[in-house]
Amino acid sequence: MFSIPIGVLGARLLLLSLSTTFLYAETPVDRGKYLVENAAICGDCHTPNLNGKPDASKQLKGSTLGFQPIGEIPRWHKTVPDISSASPLFQRWGEDGFKKFLETGLNPRGGSADVPMPQYRFTPEDAAAIVQYLKTVK
């Protein structure tokens, strides 16, 4: 029979409790920032480059893409919009429109994103976190 000393079991339960607490202590803004910067990597297209590096003073302010297709692709956009909370797009779509877009890949009028924008399918919680983060980007 296998047994674990009580002290070891107690220490493992305490560590599990602490790690779970830290996981859930993350704010929606922190989660949104992580998703924007590390998962979806929005800045690769939506932030202009300055000498090969993202221009931090224009974070998510829209940009001209540094790549293009070899052949013609219908609805290809070589520029991408400003998605900061101060943008006309954010003002027009509102929080609910952005959430819908991030959850379904469809804009508030039901149209899909133009190429090369991927049609993300975030969970409602992750979409809301992204919107909360975008609201901090002016």
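Entry 1. I count Ala, Val, Leu, Ile, Met, Phe, Trp, Tyr, Cys and Pro as nonpolar, Asp, Glu, Lys and Arg as charged, and the others, Gly among them, as polar. With that rule I sorted the lining of the largest pocket into 21 nonpolar, five polar and four charged residues. The model I am reading is a predicted one.

Entry 2. I looked up the volume of the largest pocket, which is about 740 Å³. Its lining has 30 residues, and the closest to the pocket centre are His 46, Pro 81, Phe 101, Ala 113 and Met 117. Helix 3 (43-46), strand 4 (79-80), helix 4 (88-104) and helix 5 (124-134) each supply at least two.

Entry 3. I turned to the second largest pocket and noted a volume of about 170 Å³. Its lining includes Val 36, Glu 37, Cys 42, Asp 44 and Leu 60. Helix 2 (28-39) and helix 3 are the elements that give two or more residues to this lining. I sorted this lining into six nonpolar, three polar and three charged residues.

Entry 4. Next I looked at the largest nonpolar core, which has 20 residues. Among the members that touch the most others are Leu 60, Phe 98, Phe 122 and Ile 130. Helix 2, helix 4 and helix 5 each supply at least two residues of this core, and helix 4 gives the most, with six. I followed Phe 122 and, leaving out residues up to four places away in sequence, found that Phe 122 touches Leu 35, Ala 40, Leu 102, Glu 103, Ala 127 and Ile 130.

Entry 5. How many salt bridges are there? I counted three.

The side chains of Asp 126 and Arg 31 meet at 3.2 Å, N to O. This pair links distant parts of the chain, with Asp 126 in helix 5 and Arg 31 in helix 2, 95 residues apart. Is Asp 126 buried or exposed? Asp 126 has a relative accessible area of 16%, and under 20% means buried. Arg 31, at 28%, is partly exposed.

Arg 75 and Asp 114 form a salt bridge at 2.8 Å, N to O. Arg 75 lies in the loop between strand 3 (63-64) and strand 4, and Asp 114 in the loop between helix 4 and helix 5, so the pair ties together parts 39 residues apart in sequence.

Glu 95 forms a salt bridge with Lys 135, with the closest N and O atoms 3.1 Å apart. Glu 95 lies in helix 4 and Lys 135 in the segment after helix 5, so this pair ties together parts 40 residues apart in sequence.

Notes:
Residues are numbered from 1 along each chain as its sequence is written. This is a predicted model: local features need pLDDT of at least 70, side-chain atom pairs count only at pLDDT 80 or more; totals for chains, interfaces and linings use all residues. Side-chain values use heavy atoms; hydrogens and water are left out. On a 1 Å grid over the protein atoms alone, a cavity is a set of points where a 1.4 Å probe fits but cannot get out, and a pocket is an open set with protein on both sides within 12 Å along at least five of seven lines; lining residues have an atom within 4 Å of a point. Grid points are joined across faces, edges and corners, and a volume is the space filled by probe spheres set on the points. Helices (H or I, at least four residues) and strands (E, at least two) are DSSP runs, numbered from the N terminus. A nonpolar core is a set of buried Ala, Val, Leu, Ile, Met, Phe, Trp, Tyr and Cys residues joined through side-chain atoms within 4.5 Å. Buried means under 20% relative accessible area, exposed over 50%, partly exposed in between (1.4 Å probe, protein chains only). Contact means heavy atoms within 4.5 Å. A salt bridge is a side-chain nitrogen of Lys or Arg within 4 Å of a carboxyl oxygen of Asp or Glu.
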